[in-house]
Amino acid sequence: MKKLILFISTIFICSAVSAQNFAYRVRFDTYFDNLESSEQWEPTRTLFAVKLAPEIGLQLGGGHSLMVGANLIQDLGDTLLTHADYSVYYRYKSKRFGALAGSFSRRNSIGDYPITFFDNDWSFYNENIHGIMLQSGRKPKHRYIEFFVDWQGQDQKFRIDEFLLCASGRYSFFDRLLIFDAAGMLSHFKNDYVLQDSYLLERAFYKASLSTDLHKVIPLFDEFRLGFGTLSSMEHKRVLDTHTTWQHNIGFQAEADIRWKWVGLKNDFYFGDPQQTYYRQYSRRIYSGSPFYQSDRYNRTSLYGKWSKKFLSIKGEIILHATKGNVANQEMLTLSLDIHQMLKKGKPHNIK
């Protein structure tokens with residue numbers, strides 16, 4: 001009821017202001033994801049869904065805006081409206097800084113987070129970040145810093161709280177001939193109904209890498225990036241009145257991404273300790289990253305094609321997941337349509 005009152009109140013306020021202060025945005029997404037021969041790490045599945053995300057709000061001037069909306073997801077072939085979530089947030093945006101507070105789409109993020117943090121399907125079905133986000137840097141391809149808090153669960157009566165602290169940054173030298181990337185995620189999970197055998201599960205994932213983009217040296221390609229770094233984690237299951245320690249999972253990953261026009265080949269090779277220590281016990285209820293990193297050797301090869309215009313972007317991928325004694329295949333197709341960009345004339349009023 002409180003959410004409904006807030007939504008209606010915001011619409012009333014928006015209708016009372018002049019058209020110059022009015023902002024809206026409507027996005028439509030299609031997501032197809034077919035995974036096979038993956039039983040060793042994750043059950044096979046086919047996901048086919050659409051998402052409609054309308055927003056309306058106020059542009060308050062000086063880079064300030066207030067927006068409210070919804071995320072409506074429909075699994076094709078399922079009952080009407082598989083999942084619905086609300087968006088309500090304040091945003092500030094200047095030439096160098098940005099800030100968001102409330103419930104807002106993770107598409108506002110400029111950060112680069114590995115799939116050990118957030119896998120593609122998890123990000124589609126968990127559209128919003130609930131908390132705050134701070135950003136610095138207008139050219140994320142070259143340099144930026146981002147931090148956000150995602151409050152994922154709360155019940156003070158039963159002392160339940162779940163949240164993520166995430167940060168990401170990049171700094172490039174010599175026109176991207178040398179690029180330093182770093183990202184980290186700390187997960188605090190306190191939920192007796194899920195854990196049962198422990199008081200608290202804490203997890204920290206981190207990545208630090210050096211890479212180079214040689215597309216200007218090899219002008220035939222639009223991107224020719226090679227990189228190497230650590231991709232590791234720490235996990236700690238706390239049991240009351242029992243001495244427990246952090247488990248360190250140290251790993252490394254070599255990466256290559258080569259693209260010519262709209263066609264590309266991306267390969268990531270991971271080696272080291274198995275990640276996601278408690279995945280077999282808690283699965284997707286806790287872990288949002290790719291389960292293939294439970295293997296101590298994992299190679300992910302993606303042949304992809306992507307095409308985008310001002311209002312439309314399409315990406316298709318054929319992915320091979322190779323671990324010891326097993327190769328899984330995955331086919332993905334995503335389409336995103338910005339309806340406002342498609343229909344607008346003249347100067348835009350929507351928030352990007």
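Predicted model: local features only at pLDDT ≥ 70, side-chain atom pairs only at ≥ 80, totals over all residues.
Figure 1. Sorted by class, the lining of the second largest cavity divides into 5 nonpolar, 4 polar and 7 charged residues.

**Figure 2. The largest cavity has a volume of about 130 Å³.** A search of the whole structure finds 2 cavities of 30 Å³ or more, and the largest cavity is lined by 14 residues, of which Arg 25, Arg 27, Glu 55, Tyr 89 and Ser 105 are the closest to its centre. The elements that give two or more residues to this lining are β1, β2 and β4, with β4 giving the most, 3 residues. The lining of the largest cavity has 3 nonpolar, 5 polar and 6 charged residues.

**Figure 3. A salt bridge joins Asp 121 to Arg 45, with N to O at 3.0 Å.** This pair links distant parts of the chain, since Asp 121 lies in helix α2 and Arg 45 in strand β2 (residues 45–61), 76 residues apart. Asp 121 has a relative accessibility of 10% and therefore counts as buried, and Arg 45, at 16%, also counts as buried. Salt bridges that share partners join Asp 33, Glu 42, Arg 45, Asp 119, Asp 121 and Arg 284 into one network.

**Figure 4. The side chains of Lys 51 and Glu 127 form a salt bridge, with N to O at 2.4 Å.** Lys 51 is in strand β2 and Glu 127 is in the loop between α2 and β6, so that the pair links distant parts of the chain, 76 residues apart. Lys 51 is buried, with a relative accessible area of 1%, and Glu 127 counts as buried at 7% relative accessibility. The whole structure contains 25 salt bridges.

**Figure 5. Lys 237 and Asp 197 form a salt bridge in which the closest N and O atoms are 3.3 Å apart.** Because Lys 237 lies in strand β11 (residues 223–238) and Asp 197 in the loop between α3 (192–195) and β10 (200–213), the pair ties together parts that are 40 residues apart in sequence. The two partners fall into separate accessibility classes: Lys 237 counts as buried at 11% relative accessibility, whereas Asp 197 is partly exposed, with a relative accessible area of 42%.

**Figure 6. Tyr 31 and Phe 124 form a stacked aromatic pair.** The count for the model comes to 23 aromatic pairs. In this one the ring centres are 4.8 Å apart and the planes stand at 20°, which is under the 30 degrees required for stacking, so the pair is classed as stacked. Tyr 31 lies in strand β1 (residues 22–36) and Phe 124 in helix α2, so the pair ties together parts that are 93 residues apart in sequence. Tyr 31 counts as buried at 3% relative accessibility, and Phe 124 counts as buried at 9%.

**Figure 7. Tyr 89 and Phe 104 form an edge-to-face aromatic pair.** Their ring centres are 6.3 Å apart and their planes lie at 65°, over the 60 degrees that marks an edge-to-face arrangement, so the pair is assigned to that class. Tyr 89, in strand β4, and Phe 104, in strand β5 (residues 97–105), are 15 residues apart, and the pair links distant parts of the chain. Both Tyr 89 and Phe 104 are buried. Tyr 89 is also among the residues closest to the centre of the largest cavity.

**Figure 8. One aromatic cluster is formed by Tyr 113, Phe 117, Phe 118, Trp 122, Phe 148 and Phe 205.** Arg 106 lies over the face of Phe 118, a member of this cluster, at 5.4 Å from the ring centre. In another contact between a charge and a ring, the charged end of Lys 315 sits over the ring of Tyr 304, 5.2 Å from its centre.

**Figure 9. The second largest pocket holds about 460 Å³ of space.** Of its 24 lining residues, the closest to the centre are Trp 122, Asn 126, Asp 150, Gln 152 and Glu 162. The lining of the second largest pocket has 7 nonpolar, 9 polar and 8 charged residues.

Key. Residues numbered from 1 in each chain as written. Heavy atoms only, no water. 1 Å grid on protein atoms, 1.4 Å probe; cavity = no way out; pocket = protein on both sides within 12 Å on 5 of 7 lines; lining within 4 Å. Points joined across faces, edges and corners; volume = space filled by probe spheres on them. Nonpolar A, V, L, I, M, F, W, Y, C, P; charged D, E, K, R; others polar. Phe/Tyr/Trp six-rings, centres within 6.5 Å; stacked < 30°, edge-to-face > 60°. Helix = DSSP H or I, 4+ residues; strand = E, 2+ residues; numbered from the N terminus. Buried < 20%, exposed > 50% of the residue type's maximum accessible area, 1.4 Å probe, protein only. Lys NZ or Arg CZ within 6 Å of the ring centre and 35° of its normal. Salt bridge = Lys/Arg side-chain N within 4 Å of Asp/Glu carboxyl O.
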